[in-house]
Amino acid sequence: MAIPVRNEAERINACLSALASQREACLTHVVLLLNNCTDNTPDCVRDHAVCLPFPVSVIMRTYPSSIAHVAPRGVKPWRSRPG
């Protein structure tokens, strides 16, 4: 499973713990794709990963702000509300 992450220090441990509690999912590995994080998300993940029943890989990237949150050509950004 791959999860895109940006500045989720307050929520990432709960997310990973919720995944760990899903016994029927049988996760064998989780990859976190950290994009332009400016908080302590990487530290939170590192400290919590030792408590999880699956390995966690972290890939960190820092992109120029002009492209950091731009959808690839032809892909429309997802919105939770119309507008």
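This is a friendly dialogue on how to read one predicted model.

Student: What should I know before I start reading?

Tutor: This is a predicted model, in which local features need pLDDT of at least 70 and side-chain atom pairs count only at pLDDT 80 or more, while totals for chains, interfaces and linings use all residues. Residues are numbered from 1 along each chain as its sequence is written, and side-chain values use heavy atoms, with hydrogens and water left out.

Student: How many helices and strands does the protein chain have, and which pattern do they follow?

Tutor: Helices (H or I, at least four residues) and strands (E, at least two) are DSSP runs, numbered from the N terminus. Here there are 2 helices and 3 strands. Along the sequence they come in the pattern β-α-β-α-β.

Student: What share of the residues counts as buried?

Tutor: Buried means under 20% relative accessible area, exposed means over 50%, and partly exposed lies in between (1.4 Å probe, protein chains only). Of the 83 residues in this protein chain, 23% count as buried.

Student: Which residues have the most contacts inside the largest nonpolar core?

Tutor: A nonpolar core is a set of buried Ala, Val, Leu, Ile, Met, Phe, Trp, Tyr and Cys residues joined through side-chain atoms within 4.5 Å. The largest one here has 14 residues, and I12, L16, V30 and L32 have the most contacts inside it. At least two residues of this core come from each of β1 (2–5), α1 (12–21), β2 (30–35) and α2 (41–49). The element that gives the most is α1, with 4 residues.

Student: What is L16 in contact with?

Tutor: Contact means heavy atoms within 4.5 Å. Leaving aside neighbours within four places in sequence, L16 is in contact with V30, L32, H48, L52 and F54. A49 itself counts as partly exposed, because its relative accessibility is 23%.

Student: At what angle do α1 and α2 pack?

Tutor: Axes are lines fitted to C-alpha atoms, for helices over the stretch in contact, and angles run from 0 to 180 degrees between N-to-C directions. For α1 and α2 the angle is about 35°, and the axes are 9 Å apart.

Student: Is the crossing left-handed or right-handed?

Tutor: A crossing is left-handed if the near helix is turned anticlockwise from the far one by less than a right angle, and right-handed if clockwise. In this model α1 passes α2 in a right-handed crossing.

Student: Which residues meet there?

Tutor: From α1 come I12, N13, L16 and S17, and they meet T41, C44, V45 and H48 of α2. To sort them, Ala, Val, Leu, Ile, Met, Phe, Trp, Tyr, Cys and Pro count as nonpolar, Asp, Glu, Lys and Arg as charged, and the others, Gly among them, as polar. The residues of this contact divide into 4 nonpolar, 4 polar and no charged.

Student: Is N36 buried or exposed?

Tutor: N36 lies in the loop between β2 and α2. It counts as buried, because its relative accessibility is 11%. Not counting residues up to four places away in sequence, N36 touches R6, N7, R61, T62, Y63 and A68.

Student: What is the phi of N36?

Tutor: Phi of N36 is near 55°, a positive value in a residue other than glycine. N7, too, has a positive phi, of about 50°, although it is not a glycine. N7 lies in the loop between β1 and α1.

Student: Where is Y63?

Tutor: Y63 is in the segment after β3. In sequence Y63 and N36 are 27 residues apart, and in space 6.5 Å, C-alpha to C-alpha.
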